[in-house]
Amino acid sequence: MSGSMRLSGGQVDHDQVLKFTWNGNEYKGLGGDTLASAMVANDIRLVGRSFKYHRPRGIFSSGSEEPNALVHLRSGARREPNTRATVAELFEGLEATSQNHRGTLEWDLLAFNDLLSPWLSAGFYYKTFMWPKSFWEKVYEPFIRSAAGLGSLSGEADPDAYDKGNLHCDVLVIGAGPAGLAAAVAAAKSGAQVILAEEDFQMGGRLLAETYEVNGKPGADWAQETVAQLGTMPNVRLMTRTAVFGAYDHGIYGALERKTDHLSNPAGKPRQIMWRIYSKRAILCGGATERSVAFGNNDRPGIMLAGSVRAYANRWAASAGKRVAVLTNNDDGWRTATDLVAKGVEVAGVIDTRDREPLTHIPGAAVVTGAAVKDTSGRRALKRITLTNGQTMDVDCLAVSGGWSPNVHLTCHQRGKPVWDEAIAGFVPGGTLPVGMVVAGSTNGTYGTGACLAEGRSVANAVVKDLGFAASRAGAAKADDEPSDVTAFWHVKDSPSRAWVDLQNDVTSKDVKLAEQEGFRSVEHLKRYTTLGMATDQGKTSNVLGLAVMADARGRTIQETGTTIFRPPYSPVPLGAFAGRAKGKDFRPTRLTPSHDWAAEYGVSMVESGPWMRAEWYPRSGETTWRDSCDREAANTREKVGVADVTTLGKIDIQGKDATDFINRVYSNGFAKLAVGKVRYGLMLREDGMVMDDGTTARLGENHYVMTTTTANAVGVYRHLDFCRQCLWPDMDVHIISVTDSWAQFAVAGPKSRDLLRKIVDADIDISNEAFPFMACADITVCGGTPGRLFRISFSGELAYEIAVPSRYGDSFIRALMAAGEEFGVMPYGLEALSVMRIEKGHAVANELTGQTTARNLGLGRMVSDKKDSIGAVLSRREYLNRDDVWHLVGLQPVDKSKKLSAGAHFLDKDAEPTMDNDLGWMTSVAYSPALGHSIGIGFVKRGGKRFHDVVRAWDGVRGEDIEVEIVHAHFVDPEGERLRG
Amino acid sequence: MRYSAWQIFKEGLTGNKGWKPVWREPEPKAEYDVVIVGGGGHGLATAWYLASRYNITNVAVLEKGWLGGGNIGRNTTIVRSNYMLPENNPFYELSMKLWEDLEQDLNYNAMMSQRGILNLAHSDSQRDGYARRGNAMLMSGADAVLLDREGVRKLCPFINFEDERFPIKAGLWQPRAGTARHDAVAWGYARGADLRGVDLIQNCEVTGFVMENGVCTGVESTRGTVRAKKVAVCVAGSSSVVMAKAGMRLPIESHVLQAYVSEGLKPTIPGVVTFGAGHLYISQSDKGGLVFGGDIDKFNTYAQRGNLPVIEHVAEDMMAFLPFLGRARLLRSWGGVMDMSMDGSPFIDKTHIDGLYFNGGWCYGGFKATPASGLCYAHLLATDTPHETATGFRLDRFKRGQIIDEKGVGPQPNLH
Amino acid sequence: MRTLSTQKGSGCVAEFTLEAKPVLGGFTKDWSGTTLTELTNLAAVAVSVPAGGEKKLSAALKKSYGDGVPAVGESYVSKDGARVVGFAQDQMMVLWDHPPHGGVATVSGQLGDTGYFVEQTSNWVFLELSGPLSRASLERLSALNLHPDVYPVDRAERTIMEHMGALVVRTGEDTFLLASASSSARSFAHAVETSLDWVS
Amino acid sequence: MIINHPLLGPRDASEFYHLGDASLIDRPDPDAADAADQFYEYVYVRENPAGEYRELWYHEAGDRSWLVVTRSTLTHEITNVEPARDVARARGRSK
């Protein structure tokens with residue numbers, strides 16, 4: 001026996017018993033159960049607490065609209081707060097616990113709030129908690145925050161995997177109820193590519209919950225056969241457990257597939273997959289959601305939606321009560337009574353708010369029409385209801401039907417506005433629907449199984465015809481249209497007690513009226529002031545009711561009062577699913593340089609540099625800090641020879657008859673006369689005159705160049721060049737392709753670099769200073785015929801080269817360089833030493849090229865030629881950029897050489913207060929210079945170029961430093977540049 | 001009526017029947033001293049400061065839809081003054097100080113909550129950039145603390161320090177920063193302005209400007225012509241469209257910024273945290289929802305909705321540094337249309353047309369600026385001179401080359 | 001092009017010799033019948049079409065590769081097995097089995113001065129994905145519609161996978177040639193592996 | 001969003017980089033007497049229409065084409081996509 005309230009039959013497997021625990025107590029359920037249906041079967045009434053008043057809450061619905069039955073599912077790092085028990089599939093060993101209470105679920109201390117409710121009405125907090133001022137931070141808010149929220153996260157990293165994917169189809173059918181199944185069949189028969197997505201773990205929609213017949217057989221059986229038939233068609237993809245949560249531009253839909261949530265353990269496979277579904281057309285068959293009626297104490301456990309009570313009985317063979325009453329304003333509610341009786345459940349009474357003849361005879365039930373429920377009693381579970389006519393009934397379950405609201409959510413995602421349809425007392429799709437979306441079935445306001453089947457088929461046929469497929473002639477499945485008349489009834493006004501509109505957020509009809517009274521009359525104001533519809537159910541069961549109460553208060557129609565439009569997602573989506581695989585080290589791809597493995601063997605400290613991993617230094621035994629390694633590497637390079645992997649610099653191959661002219665226009669300095677076999681430093685501006693990037697460009701041939709960019713700007717510069725050649729100068733014969741990854745490129749720097757390279761480059765190549773002077777370049781061969789490139793350029797300021805081989809030879813090549821250099825005392829050097837040496841030479845990098853600096857700021861004003869057109873030249877001449885107190889990049893050294901400079905410090909005149917008005921600029925880069933034996937820096941100083949040898953303060957408040965520094969030329973080492981020409 | 005605990009107690013005993021409407025619903029008059037076009041946060045704040053600080057109360061605010069329905073109703077509620085450039089810092093720090101006194105000033109609890117903002121740095125140069133910024137903040141009277149990795153870990157132990165792809169090197173912490181209840185800010189300003197006699201006119205769309213020999217003397221609206229000595233446009237998101245009616249083209253593009261909120265959760269994140277190896281800012285509201293956002297959608301649009309790539313990007317950043325949020329569910333996403341300016345900084349200025357003033361270009365930093373924007377705009381309208389903290393926000397700055405580009409990404413609005 | 005090296009250059013004895021190392025060291029793995037294999041002997045040369053020179057280049061291509069300049073997204077295979085891929089509006093990629101350098105000489109030998117040539121062999125990692133799971137695994141990585149009606153054999157488009165650029169050439173019903181940047185080769189292979197692990 | 005690439009057919013917009021207004025093709029003549037004003041307008045001032053808008057997208061993760069896309073900024077409907085190079089030529093740009 002799986003629960004005292006279990007009935008016979010239904011869609012559950014009575015032979016498959018599953019154990020689960022609720023707040024530590026063990027219960028039994030059946031295969032095919034949801035956690036909620038298993039709880040119903042086990043007569044579990046109290047399942048949670050409401051948000052504000054902590055009122056007892058029971059299961060209210062049987063689907064994703066559930067506002068009450070929110071639980072912690074699973075435990076440990078897999079704990080999942082706010083999980084709707086109504087959609088959680090039962091599995092062996094499922095653990096669930098209640099949330100949002102202090103003390104036990106039964107004895108929740110915060111239920112005290114309920115007694116304060118007169119003072120906790122809508123928006124009360126905007127009117128108080130202001131005195132004394134300091135108390136908000138210290139007392140009031142901490143108290144409010146301590147009560148905030150519903151469930152709680154585990155605090156541990158989510159252990160499960162998520163994935164994303166992409167699907168393409170002609171027709172996406174959303175929802176597998178009668179309309180959706182009919183639509184899918186019709187679309188599939190036409191040969192179109194069809195995806196049928198269903199939120200539930202079983203296809204069939206209401207057919208699973210009702211006793212309707214289709215084609216003369218039980219609806220559930222027909223659904224099963226239809227799904228089986230679709231499953232055999234190669235052009236159909238069936239997706240259960242897949243909620244389409246968003247309609248995005250141009251027919252793209254977001255869908256969440258729950259892959260392993262119904263298993264005890266995902267076993268290494270993704271828990272969920274977020275699909276992007278690219279559809280030509282979408283047919284929305286999302287069904288409708290039932291809503292409640294506002295009457296006194298309508299929030300007690302045991303008060304449920306009538307259709308859900310019916311669903312629990314018919315589909316899950318679980319009775320929501322021993323003695324049930326039905327309150328309805330429509331024909332559909334009556335079916336709950338008839339179905340329950342058929343299942344042998346006692347129905348005490350049917351209350352129809354309409355003044356009409358009984359729809360049918362309900363054995364043993366008192367039928368009251370033209371009346372409603374006025375109040376109820378029973379603290380933790382419903383005991384008694386009192387009718388407006390004074391009559392009372394002792395029941396443990398009240399099945400309420402306030403009518404049905406079409407699930408128009410997805411039709412609103414591109415801001416379509418639903419319109420009110422009095423005939424069904426609900427909003428139907430209106431305004432502009434997402435491109436390619438059509439709607440069928442009850443989402444369209446079409447009630448009645450037969451009508452839904454017919455509409456699904458005809459809509460699908462129209463869609464496939466429109467796409468150029470031949471619609472199948474097959475007729476529609478046949479079913480009766482059950483009666484569904486409704487007469488709107490919202491609110492029992494003469495009820496003395498509070499009547500709930502939004503069960504989770506504790507919004508009562510009084511709150512809605514108060515909002516109206518205080519002028520919050522637009523729907524948006526109503527929502528925001530009362531928090532109506534802002535709960536985890538997004539008002540699926542409460543929005544229309546709240547709107548109706550507001551309309552009533554204003555004496556307007558619902559249409560006049562307005563509509564709330566729904567926003568994605570249709571149902572909540574875990575953040576992990578949106579992120580997919582992007583976690584930990586897999587957050588972003590990693591780029592490795594060709595010497596990566598060698599460096600690891602050699603012993604290196606690696607650092608993330610954008611997408612790249614780069615060597616920052618190569619520690620040696622005996623070295624205690626990174627500075628020891630860095631100083632040694634820099635000194636060794638200046639005294640002997642060092643090797644650094646500079647592969648990460650962007651390299652762009654540029655060819656074409658107009659290549660020279662092209663490069664001459666994208667660089668601000670002249671390139672027209674660069675000789676073949678020569679390299680030149682180039683400065684690249686944005687069109688607004690700011691420096692975009694810099695680098696060296698080598699002319700390898702008459703029409704052939706290779707441009708280098710900074711590591712950070714490689715992608716942006718490439719894009720810019722492509723823009724220039726395609727959009728600005730479309731007829732230029734210029735062709736570019738990235739060769740960044742093609743070449744393993746190494747800087748070989750230091751007085752012994754030439755000696756080292758003589759052993760590497762093939763014997764017949766003359767690299768003497770005469771044959772291969774500073775700024776020379778050439779295609780060469782190395783190590784016996786391997787092609788390579790040699791550039792005589794220097795970032796360190798030493799005699800230096802950059803030498804490149806195809807990157808597949810890179811690993812072998814760095815080993816060769818180190819072996820060849822051994823006799824000269826070669827050492828590899830990392831980013832830190834490279835940085836030290838470039839600061840000693842005053843070279844600008846990203847710290848200086850901030851996108852806020854001009855050539856003039858960098859002291860390169862002369863590099864913006866006025867003899868030619870180049871990108872950025874015109875706007876670089878603007879007055880404010882050329883005022884005489886602009887910043888200049890200068891060198892800084894501490895007056896007291898023992899002091900250590902820090903980047904980010906601002907400069908002030910000696911006696912000046914640290915204020916923005918006195919701000920002279922800031923330190924951009926600092927280093928300890930082994931060559932000079934003290935700390936040095938470069939930075940921007942107002943009119944700095946005219947202030948050499950002035951002493952200013954480097955004020956670094958955030959680090960508590962304030963150091964006197966002397967403004968000097970930025971070339972600290974070998975200012976005349978003799979070494980690099982040597 | 002004045003709000004107080006006593007008032008609430010009294011009303012509670014009498015069924016809350018005595019609460020009055022927070023604003024009147026007046027008909028527009030034929031003429032005002034100042035007509036403010038746009039009843040969003042900045043427009044309402046401007047009205048409040050005109051009335052309360054400059055004693056100019058013959059003012060109307062014309063709002064196309066409902067009060068506070070602009071971006072103040074759809075943002076991530078972050079308040080901070082962690083700026084870097086001299087044109088910005090004094091202004092945003094002024095705003096911060098106004099925030100700190102807002103409740104008392106308005107007699108309305110906007111829930112300004114100073115739980116701090118932490119910007120994470122993932123490289124040495126990013127850290128040094130934050131040092132530069134932090135020092136600029138201190139130099140303009142704001143607060144700033146530079147934290148090292150351990151400092152960040154102490155402040156936010158819930159961040160991923162285990163298998164980071166981009167290890168955290170440092171953080172810039174501004175303790176006085178925080179969040180405020182965005183809607184309440186609009187309502188508080190509206191209530192205050194209304195109590196001082198400002199006409200707040202909803203469902204009134206401005207369809208054109210009244211021009212008389214080159215001077216702007218009023219507006220045409222869906223509720224008739226309204227004359228004014230000064231017309232103050234304040235319609236961020238629609239600036240280009242509205243100013244086009246006056247024949248002006250602006251250095252502004254319209255883009256959509258999405259924002260997101262999770263299901264209600266017991267408190268997990270104390271203040272505001274931003275991820276530095278991507279683009280994500282997140283905080284947790286007093287109701288328990290995680291409120292977060294990232295980049296704009298990149299393409300120009302006037303539609304208040306975004307697309308999947310941005311939310312995916314935001315979620316990826318989230319999992320990279322807050323992996324314990326993997327099972328938290330995104331509840332709702334929405335989009336607001338932003339005035340993206342060419343350098344990421346705003347405008348508060350007279351136009352070349354006498355009588356016509358402009359406030360806009362807030363990109364997606366407008367919420368924190370609301371009080372200062374209102375005060376400085378009111379100052380400009382009242383005195384015809386820029387407020388001392390807003391002298392840089394001029395329409396002609398690009399022509400002169402005085403660019404206020406905090407990010408240094410240049411004249412491409414979708415990068416700011 | 002200025003070259004300091006003489007033709008004999010490669011002939012002279014050198015103290016050190018270099019060996020080419022495939023970026024994934026010749027990676028290969030099997031998922032019950034679906035295989036992922038690094039192609040270590042594939043050379044790549046980019047050929048750009050000079051402005052106004054398409055006719056000449058097309059003619060030269062026809063002679064040595066059997067067809068003209070391929071449209072972007074299309075590719076064909078020459079009789080001796082070289083694949084010519086339409087890479088960009090005025091650019092193609094020639095892929096064929098060849099030692100890891102010297103490819104440009106081969107191609108320019110065939111096409112003369114009718115195009116601009118760039119060595120690309122080392123720029124890429126090449127993976128062959130073959131078997132029944134290939135489509136399902138790519139579904140998790142790329143937004144390309146790989147339905148055979150839409151993406152037939154020889155279709156060759158560039159797209160993005162897990163933030164990495166990738167070239168996807170369909171070389172058979174269930175066989176794809178994937179190319180991505182060599183510096184992120186390990187991340188790329190990891191992405192495809194993960195897909196296969198999860199769909200298998 | 002989906003951009004119907006004139007050479008490759010429909011492609012997800014996430015493969016593209018969005019630059020901005022197609023008027024960025026019309027780079028002014030730097031030698032014009034009022035070049036300063038023209039460049040100011042070119043770089044900074046925008047129509048920013050609410051409706052049909054022509055914009056530049058770069059197929060960065062694809063074939064590296066710059067495209068001119070005609071799209072409504074109200075509905076996002078795309079009515080035309082052309083290679084920017086053709087558009088540039090049609091607007092009289094050459095070398």
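A: Two strands pair if DSSP finds at least two bridges between them. Strands here are DSSP runs (E, at least two residues) and helices likewise (H or I, at least four), numbered from the N terminus. This is a predicted model: local features need pLDDT of at least 70, side-chain atom pairs count only at pLDDT 80 or more, and totals for chains, interfaces and linings use all residues. Residues are numbered from 1 along each chain, chains are lettered from A in the order written, and side-chain values use heavy atoms, without hydrogens and water.

Start with the strands. P574(A) stands opposite R329(B) in β16(B). Strand β31 (residues 573-574) of chain A and strand β16 (residues 329-341) of chain B run antiparallel, joined by two bridges.

Now the whole interface. In contact (heavy atoms within 4.5 Å) are 119 residues of chain A and 120 residues of chain B. The two chains bury about 10200 Å², 56% of it on carbon and sulfur atoms. Buried area is the accessible area (1.4 Å probe) lost on putting two parts together, summed over both.

Next, charge. A salt bridge is a side-chain nitrogen of Lys or Arg within 4 Å of a carboxyl oxygen of Asp or Glu. Between chain A and chain B there are 15 salt bridges. One of them joins R327(B) to D158(A), at 2.8 Å from N to O. On the side of chain A that touches chain B, helix α2 (residues 135-146) of chain A gives the largest share, five residues.
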